[in-house]
Amino acid sequence: MTNGEHAVTAADMDWDSAAATFDDEPDHGLRDPEVRQAWAARLRSWLPEHACDVLDLGCGTGSLSLLAAEQGHRVTGVDRSPAMVGLARAKLAGRDAVFFAGDAAMPPVGEERFDVVLVRHVLWALPDPGRALRHWRGLLRPGGRFVLVEGVWHTVAGAAPAGLPADRLTGLLAPLAGQLRVERLSDDEALWGRPVADERYAVVATASTNGSSGRA
């Protein structure tokens, strides 16, 4: 899955066809210096200060992966679109990063463990976000954290909004997490390159240490 807030449903999108123009959106390509700086600052506050292993699920063209790599982290990215993965590999060429084409809900990373599971605008589009979260919990090392950026968007005038409300996501995450905080992002215009009126937020949560792997 890729960042899909502008689609009616992610399943309807041909992400390979969308790859060529995906980065045209300010918050996708992060080409505008102010937008890029805003995301870099947020990411720095969400990720550990020390170098760590970040799993970027639904990585798209790798814009957040690149910011994480620039901050000294080792990145593994997964996206269902081979075209997106190709662009991400090119964008991070020469950096400590690897990318795979595959299902973000069940990423093809074997038994590897990560310090951070980073996901932006993916959970809302999955058929069973709770199951995905439980699986991702099993990919985290003890003390690892979730960094989940989601929202609720009015994609088509007159249609029901698409997305995942913050209260539902925190409810799904609560059994898997210890410390948890929600950051509202809607009022930070620099992140989106324009004013937004819909619900956008990030959840940063430390995985629980109750000994359960959390695997589905």
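**A tour from Arg 120**

Select Arg 120: its side chain reaches the backbone oxygen of Asp 27 at 2.9 Å. This model is predicted: local features need pLDDT of at least 70, side-chain atom pairs count only at pLDDT 80 or more, and totals for chains, interfaces and linings use all residues. Residues are numbered from 1 along each chain as its sequence is written, and side-chain values use heavy atoms, leaving out hydrogens and water.

**Stop 1: around Arg 120**

Colour strand S4, residues 114–120; Arg 120 is found there. Helices (H or I, at least four residues) and strands (E, at least two) are DSSP runs, numbered from the N terminus. Is Arg 120 buried or exposed? Arg 120 is buried, yet has no salt bridge. Buried means under 20% relative accessible area, exposed over 50%, and partly exposed in between (1.4 Å probe, protein chains only). A salt bridge needs a side-chain nitrogen of Lys or Arg within 4 Å of a carboxyl oxygen of Asp or Glu. The nearest side chain of opposite charge is Asp 27, 4.9 Å away. For charge, Lys and Arg count as positive and Asp and Glu as negative; His and the chain ends are not counted.

Arg 120 lies over its face, at 4.6 Å from the ring centre. A charge sits over a ring if NZ of Lys or CZ of Arg is within 6 Å of the ring centre and within 35 degrees of the ring normal.

**Stop 2: Trp 39 and Trp 192**

The structure holds four aromatic pairs. Trp 39 and Trp 192 form one that is edge-to-face, 5.4 Å centre to centre with 85° between the planes. Rings of Phe, Tyr and Trp (its six-membered ring) pair if their centres lie within 6.5 Å; planes under 30 degrees apart count as stacked, over 60 as edge-to-face and the rest as tilted.

This pair links distant parts of the chain: Trp 39 in helix H3 (residues 33–46) and Trp 192 in helix H8 (residues 189–192), 153 residues apart. Trp 39 is buried at 0% relative accessible area. Trp 192 also counts as buried, at 0%.

Then pick Arg 200, which lies over the face of Trp 192 at 4.5 Å from the ring centre.

**Stop 3: the whole chain**

Zoom out. The protein chain has eight helices and eight strands. Buried residues make up 54% of its 216 residues.

Definitions and conventions. Polar contact = N/O pair within 3.5 Å; in protein donor to acceptor, adjacent residues only side chain to side chain.
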